[in-house]
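Here is a short report for a reader new to this structure. Have the sequence and the model side by side as you read.

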Amino acid sequence: MKIRCIANTGESLPDEYIDPPRGYTRKIKLSLTIGKEYVVYAIREWKGTIWYYICDDIFSYYPMENPAPMFEVVDSRVSKYWQFELSPNGLLMIAFEQWFADPYFYDKLTDQEEAEVEIFDKVKELMDAEDFALPPLDVAVEKLRETVSV
Amino acid sequence: MKIRCIANTGASLPDDYIEPAIGYTKQIQFSLTVGREYVVYAFREWRGTIWYYICDDNYTYYPMQNPAPLFEVVDSRVSKYWRFELAPNGRLEIAFEQWFTDPYFYDKLTDQEEAEVEIFDQVKELMDAEDFDLPPLDVAVDKLRETVSV
């Protein structure tokens with residue numbers, strides 16, 4: 001999945017994304033370039049707000065969450081590496097398997113722990129290279145039926 | 001993605017899912033069997049509530065939305081047929097391509113229009129048969145690098 005930046009300041013944020021204790025004010029300037037495309041490595045939804053984890057313009061070794069209203073979607077196909085997790089408190093995360101295998105994966109990654117940095121390096125390489133075209137529905141169904149009947 | 005039903009009445013719904021105007025009361029009885037697994041064909045998120053589109057126990061020809069708290073996720077892998085759409089009003093939908101090609105796809109499907117019923121039949125057949133194992137991260141990256149270097 002790929003998104004394109006359409007805004008990079010807090011002025012463009014809907015009210016529900018404004019959260020001064022976390023730094024999300026009207027004055028915030030995000031490290032994003034308008035018009036630039038970014039690969040989405042994970043998505044988080046919390047109380048109706050959507051956040052994309054991307055490698056922004058100051059990327060060093062981990063993806064940062066950025067508010068969805070700063071972007072338009074340019075490639076809506078989901079990654080084959082993604083999994084779905086809905087926590088009992090209502091937090092929805094869509095991310096790669098390793099993100100969920102350890103509940104502290106992202107914390108360890110941001111702490112620059114070697115194993116987690118290496119995992120994200122590899123996942124990033126795979127997701128950056130992901131590109132696939134699905135066959136038309138009719139063709140896919142025929143192919144499936146052939147496989148099943150063999 | 002597959003889910004298992006863990007409850008089938010409104011008594012199990014959190015308050016944010018209760019909406020008497022559209023029938024979601026504490027008394028509602030869903031057409032779901034506790035313990036049964038269902039394939040998720042699409043899902044939507046709206047103001048922090050998550051709804052899965054599944055073929056419930058009354059299924060005829062279209063999937064019905066059911067509130068997420070009635071289920072646990074048993075296979076969290078996302079479908080390769082899914083796409084992501086975030087509407088300007090904040091409504092998130094993840095569904096197959098054809099769902100989005102026509103903004104009235106779901107309405108036409110529930111109206112039993114022939115073309116849409118046929119599309120969903122085919123998508124359902126493909127998604128029901130979806131089963132894949134991804135190679136370990138190291139193997140996937142090695143394979144990618146070989147492909148790129150050829």
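How much of chain A, in percent of its 150 residues, counts as buried? The share of buried residues is 48%. Buried means under 20% relative accessible area, exposed means over 50%, and partly exposed lies in between, with a 1.4 Å probe and protein chains only.

This is a predicted model, in which local features need pLDDT of at least 70, side-chain atom pairs count only at pLDDT 80 or more, and totals for chains, interfaces and linings use all residues. Residues are numbered from 1 along each chain as its sequence is written, chains are lettered from A and ligands numbered from 1 in the order in which they are written, and side-chain values use heavy atoms, without hydrogens and water.

**Chain A in outline**

Chain A has eight strands and four helices. Helices (H or I, at least four residues) and strands (E, at least two) are DSSP runs, numbered from the N terminus. The order from the N terminus is β-β-β-β-β-β-β-β-α-α-α-α. Along the principal axes, the C-alpha atoms of chain A fill a box of roughly 60 × 35 × 30 Å.

**Cysteines**

A disulfide is a pair of cysteine sulfur atoms within 2.5 Å. By this rule, the count over all chains is zero. A:Cys5 is in no disulfide, and its nearest cysteine sulfur, that of A:Cys55, is 15 Å away. For A:Cys55, the closest cysteine sulfur is in A:Cys5, and 15 Å is too far for a bond.

**A negative patch**

Six residues are involved here: A:Asp138, A:Glu142, A:Glu146, B:Glu114, B:Glu118 and B:Asp121 form a negative surface patch. Patch residues have over 30% relative accessible area and no salt bridge, and like charges are joined within 9 Å. A salt bridge is a side-chain nitrogen of Lys or Arg within 4 Å of a carboxyl oxygen of Asp or Glu. Asp and Glu count as negative. Helix H4 (137-149) of chain A and helix H3 (114-129) of chain B each supply at least two residues of the patch. B:Asp121 sits in helix H3 of chain B.

**A loop residue in chain B**

B:Ile22 lies in the loop between strand S1 (2-5) and strand S2 (37-39) of chain B. Its C-alpha atom is 30 Å from that of B:Asp75, 53 residues apart along the chain.

| Residue | Relative accessible area | Class |
|---|---|---|
| A:Cys5 | 1% | buried |
| A:Cys55 | 13% | buried |
| B:Asp121 | 42% | partly exposed |
| B:Ile22 | 52% | exposed |

Key: Patches are made of residues with over 30% relative accessible area and no salt bridge: like charges are joined within 9 Å, nonpolar side chains (Val, Leu, Ile, Met, Phe, Trp, Tyr) within 5 Å. Accessible areas come from the Shrake-Rupley method with a 1.4 Å probe; for residues, only the protein chains shown count as cover. The place of a charge is taken as NZ of Lys, CZ of Arg, CG of Asp or CD of Glu.
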